[in-house]
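Subject: Structure handover

Hello,

Here is the structure I said I would pass on. Please open it next to this email and find each residue as you read.

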Amino acid sequence: MEVIILPSATEATLAGARIVARVVRESPHAVLGLATGETPERLYAELVRAHRQEGLDLSRVTTFNLDEHVGIDDAHPASYRRYMQEHLFRHVNLRPDRTHMPDGRAADLDAACAAYEDAIRAAGGIDLQLLGIGADGHIGFNEPTSSLASRTRVKTLTAATLEAIRARLPSGTEPPRHVITMGIGTILEAKRCVLLAFGERKAAAVAKMVEGPVTALVPASALQLHARTTVLVDEEAAGRLALADYYRDVQRNKPAWQRERDGS
Ligand code: F6R
């Protein structure tokens, strides 16, 4: 796992956006895995800026979001389709038929989950998966004790995750308890993962993900088994990393050809 510690969330966000933009420029048909929540909001704003000011072309890109709530329509404030529309989709030239979300309104949710896996496979797999991390170490909505081999399926959010989601919604709005989420096995098949984490609230989860044992109790620790994951953190989120000085040293001494290859 490559850990890049940057002085601020803004710098970490810009580094993440540069990686995404570069993948798209090099592979105009790239398949991107997308996340929602507070963490990637500014990254999407930066992609919108790059689209408007630098001509970043997303017209041939395909996207698959990690997760969606069960049982709500796109107008619901908790809808991740709505979030994606607001933060990215309606501001750039992505083709609507190439933006995929799990279908939380399907009559047969198991079939919808299987169809999502099929669609990812049919698109050739995910080239770059963007991830946030929950304070409990979840990725996607793979809550602690999720199988490390899991595939897209319905999950029940923990009370703490539900509260974190509720806190971002207009007061009085109750988010659904259930979601469809890509599984950990699904995420691990992405060719490259970029995980962003900001703030002291994420520091314990980040340390366990990077330096703890691989365990279903910390779903993000499964990324230790992924061959190409970059973790972009600010100083606060890096606060509990035992080997932080080593990670800084690695970045200071990163060979130019690696920087060029990674776009970081
Ligand atoms: C969202 C997702 C989640 C979030 C995580 C962190 O699509 O998959 O894993 O990335 O809950 O959320 P924020 O960024 O709001 O702290």
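Below is what was found, going from the inside of the chain to its surface. Please keep in mind that this is a predicted model.

The nonpolar cores

The largest nonpolar core contains 44 residues. Leu32, Tyr44, Leu47, Leu88 and Leu232 have the most contacts inside this core. At least two core residues come from each of several elements, among them strand E1 (2-6), helix H1 (9-26), strand E2 (31-34), helix H2 (41-54) and strand E9 (192-197). H1 gives the most, with nine residues.

Leaving out neighbours within four places in sequence, the contacts of Leu232 include Ile4, Leu6, Ala12, Ile19, Val194 and Phe198.

There is also a second, separate core, made of 32 residues. Ile5, Leu131, Ile187 and Met209 are among them.

Helix H7

A buried serine

Ser146 sits in the loop between E6 and strand E7 (153-156). Is Ser146 buried or exposed? Its relative accessible area is 1%, and buried means under 20%, so Ser146 is buried. The side chain of Ser146 makes a polar contact with the side chain of Arg153, at 3.4 Å. Not counting residues up to four places away in sequence, Ser146 touches Arg153, Lys155, Ile184 and Ala216.

Salt bridges

Side chains of opposite charge can pair when their charged atoms come close. Over the whole structure, a search finds 25 salt bridges.

Glu260 and Arg22 meet through their side chains in a salt bridge, 3.4 Å from N to O. This pair links distant parts of the chain: Glu260 is in helix H9 (residues 256-262) and Arg22 is in helix H1, 238 residues apart. Glu260 is exposed, with a relative accessible area of 51%, while Arg22 is partly exposed at 23%.

Glu200 forms a salt bridge with Arg240, with the closest N and O atoms 3.9 Å apart. Glu200 lies in the loop between E9 and H7 and Arg240 in the loop between E10 and H8, so this pair ties together parts that are 40 residues apart in sequence. Arg240 is exposed, with a relative accessible area of 51%.

The salt bridge between Asp245 and Arg248 has its closest N and O atoms 3.3 Å apart. Both residues lie in helix H8, three residues apart, which is about one turn of the helix. Asp245 counts as exposed at 57% relative accessibility, and Arg248 as partly exposed at 26%.

Finally, a network of salt bridges links Glu2, Arg228, Lys254, Arg261 and Asp262.

Which residues make a nonpolar surface patch of about 290 Å²? They are Leu243, Tyr246 and Val250. Val250 is located in helix H8 (residues 244-252).

Regards

Conventions:
Residues numbered from 1 in each chain as written. Predicted model: local features only at pLDDT ≥ 70, side-chain atom pairs only at ≥ 80, totals over all residues. Heavy atoms only, no water. Core = buried A, V, L, I, M, F, W, Y, C linked by side-chain atoms within 4.5 Å. Buried < 20%, exposed > 50% of the residue type's maximum accessible area, 1.4 Å probe, protein only. Helix = DSSP H or I, 4+ residues; strand = E, 2+ residues; numbered from the N terminus. Contact = heavy atoms within 4.5 Å. Polar contact = N/O pair within 3.5 Å; in protein donor to acceptor, adjacent residues only side chain to side chain. Patch = residues over 30% accessible without salt bridge, like charges linked within 9 Å, V, L, I, M, F, W, Y side chains within 5 Å. Areas by Shrake-Rupley, 256 points an atom, 1.4 Å probe, with all protein chains shown as cover. Salt bridge = Lys/Arg side-chain N within 4 Å of Asp/Glu carboxyl O.
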